[in-house]
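Let's take a walk through a protein model together. Have the sequence and the 3D view ready, and follow along.

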Amino acid sequence: MLRDVEARVIRNTRLSRDYNVIALAAPEIAEATQPGQFVMVKSGRGGDPLLRRPFSVFEVLRSNNRVEGLTLLSKRVGVTTKILYDAVEGDTISCLGPLGRPFDLVDPPTEAWMVAGGVGLAPFATLGDALLAHGVKTTLFYGARTGGELFYLDWFTSRGIRLVLATEDGSIGDKARITIPLDRELQEADGEVVIYACGPEPMLEAVAHVAAKHKRTSQVSVERTMGCGMGGCYSCVIQVRSEAGSERTRPAHYVRSCIAGPVFKGEDLVWD
Amino acid sequence: MKTLSGTDLSVQIGALRLKNPLIAASGCFGYGVEYAEAVDLSTLGGVAVKGLFLKEREGHPPERIVETPSGMLNAIGLQGIGVHRFIREKLPELRQLRATVIVNICGSTLDEYVELARILSDAEGVAALELNISCPNIKEGGITFGCSLHGTFDVVSAVKKVTPLPVIPKLTPNVTDVASFARASEEAGADAVSLVNTFLAMAIDVETRRPKLSNIVGGLSGPAIRPIAVRMVYECRRAVKIPVIGMGGIASARDMLEFIIAGATAVQVGTANFVDPFIWGKLLAGVTDYVRRHNIARISDLVGTIDTTSREKQWISS
Ligand SMILES: Cc1cc2nc3c(=O)[nH]c(=O)nc-3n(C[C@H](O)[C@H](O)[C@H](O)COP(=O)(O)O)c2cc1C
C-alpha cells in the first residue's frame, strides 16, 4: 500500500565526500517494498526543492525481527542529495512509496548476475537478499571510478555473494568498465544466467548489448527525470519496442518509467 | 450537498453540480486511475484527465520537465492514448470509481475539437468537456485558437453546437488581456472558463549553454505563478457571469480560498499533487474548517467576495 511517511533520520553514514547511506524510520514502507522499487523523497520544506526525487530502497532495516526502517544510498549531485548528505539524526525526510515495478526473481538453478555502476548499487542489497533467500547463486559485478567509491563489499561477500570488481583507474579489480569482465565471464559461463543491472544509462545500454550477445535476458533499472513517480506527469518516459505486458508489437513508443518500470527487460528498451 | 459538519461545499458549473470545488488539473493526474490508491476519486469535485487528441500521440523526447524556483517547466507535448483508447481502457474504471470526469480535449483543427466533442458526448461517464486551447508546448492547433479572440469564439461555439455537455474553454495566460478571452468564450456559449494554463518560459544550463528542455521552451506551473493566476481569475470574474475555474500554484487550503475569494467558483490543483498525492483530503479539511470558523453556510457564498473597499485605520492597543 502506498504511504507518505514523515520519516525520522535514524542515522546518516557518510561513506565518502559524496556518498552517504541515510537510515529512515519508515517501517510501513520498508515492509511493503520489493527489490527494485523506489521511494519519492522530499527533503526540505516549501519551494526549494519543490518536487520529490526518486531513490531506490537500499536496505530494509530489521532489529529483533521487527522492520525498523529503510536506508537510501545517495550520491551528492544536487539540492536534494546535498540535504540528504548533510542530514543529521532526528531530522525528518518525507518518503512516499513503495513505487514502481520490482525485479522479477529467477528460480534456481539459474544464476543471478547483478551489475552495478556507482550509485547504481542501490537496488542490489535487497535484491541480493531476496535471491539468496530464494536459493539463487548470486554474483555482483560492481564498477566505479576508483576503489574508494566501491562500498559495502564486505556486506555482500559475508552473505555469500561473489564479487567481480572493476575501476576506471585500476585501483581495485579490472582497470576497465564493468562490462568488460561481464563479457568475459559470460563467454565462459555454460549454465543459465539472468543479468540484473542498475547504473548510468550508457552502462545499462552496454549491459543489455552484452547480455543479448550471449543470448541472456537482462532486467535493467533506469533512472529518468521524474516529476511525480506515480504516472501523473508523463515526464520520466523511455522508449520501448512493444507494449509492456502485451503481445502487440508497435513501433517504439514512450512509456512512463515510474509505473511501467523502473525495471525493464533490456531487450525491450530503445536507447536514445 | 452537505457534509457531516453541515457545511455545503457543492458548487454549480453550468448544468453540472460538483460535490465540492476541488478538481484535479489536467496533465497532473494521469487518467485519474493512477491515483486511485492515494485518493478516493469520488470525494473530489472533479477529475480533469490528461489532454486527449483523436489519435495517440508520442509527445516530446526527454528532458520534459525541469525544476525552477518554486515551480517547474514542462514540455510533455501532450503524449496520450487518444480518445478511443481512453473510452475503452480508462473510462469504465473511472465510472467504477465514481469519479466526476472532465475530459480535456485538444485539436489540431477546429474539426478535431468538434469530432472529439461528438465522440465523448456519446460515451457513458463524461461530466464535462474542457477545451485545451492553451497548451504552450505544441506548434499546431490548440494555442492558436486560444491566442485569438475569433479562434476562441469559433471553437467554443462549434463545440457547443454538437454537445449537451458543459463546455469549459481553458484559457492561456500568455495574452495581454485574459478577460477578453473569457468574454469571447461567454459570448460563444461557454458554460464556464478555466484558467490558467502554464506560462511560456525557458531555462538554460549555463555550463553547456543548452536549453534544459528538449523542446527549448515549456510551461511554468506551481507556486511561482500563483499571484499572477489569482489576478487573472479576479479580472475574469469581473468580466463574465459564467463561473470561473481557477488554478495556478495551489498547494494549501489558504491558496484555494484565495482563488475562491478572487472569484473562482471551483479550483484545480496540478503541480502540488506531484509533491503530495494525499493533498486532496487536507485541502478539503482546511476549507471546511475555514467556512465553519467564518460561519459561511455554503462555499458558493464565498465566491468573489474580495473586499476592495478602502480600509479604515484601526487603533490596536498593545
Ligand atoms: C506536467 C504537466 C502537464 C500538463 N498537461 C496539461 C494538459 O494535458 N492539458 C491542460 O489543459 N493543461 C495541462 N497542464 C496545465 C495544468 O493543468 C495547470 O493548468 C497548470 O499546471 C497550473 O496549475 P498548477 O500550478 O496547480 O500546476 C499541465 C501541467 C503540467 C505541470
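Helices (H or I, at least four residues) and strands (E, at least two) are DSSP runs, numbered from the N terminus. This is a predicted model, where local features need pLDDT of at least 70 and side-chain atom pairs count only at pLDDT 80 or more, while totals for chains, interfaces and linings use all residues. Residues are numbered from 1 along each chain as its sequence is written, chains are lettered from A in the order in which they are written, and side-chain values use heavy atoms, without hydrogens and water.

Let's begin with chain A. It is divided into domain 1 (3-99), domain 2 (103-223) and domain 3 (224-272), with bounds from an automatic or database domain assignment. The C-alpha centres of domain 1 and domain 3 of chain A lie 25 Å apart. Their contact (heavy atoms within 4.5 Å) takes 8 residues from domain 1 and 8 residues from domain 3 of chain A.

Now look inside. A nonpolar core is a set of buried Ala, Val, Leu, Ile, Met, Phe, Trp, Tyr and Cys residues joined through side-chain atoms within 4.5 Å; buried means under 20% relative accessible area, exposed over 50%, and partly exposed in between (1.4 Å probe, protein chains only). The largest nonpolar core has 121 residues, and B:Phe29 and B:Trp280 are among those with the most contacts inside it. Helix H9 (residues 279-293) of chain B gives this core its largest share, 7 residues. At least three residues come from each of domain 1 (3-99) and domain 3 (224-272) of chain A.

Finally, find B:Ile216, in the loop between strand S13 (210-211) and strand S14 (217-221) of chain B. B:Ile216 counts as partly exposed because its relative accessibility is 45%.
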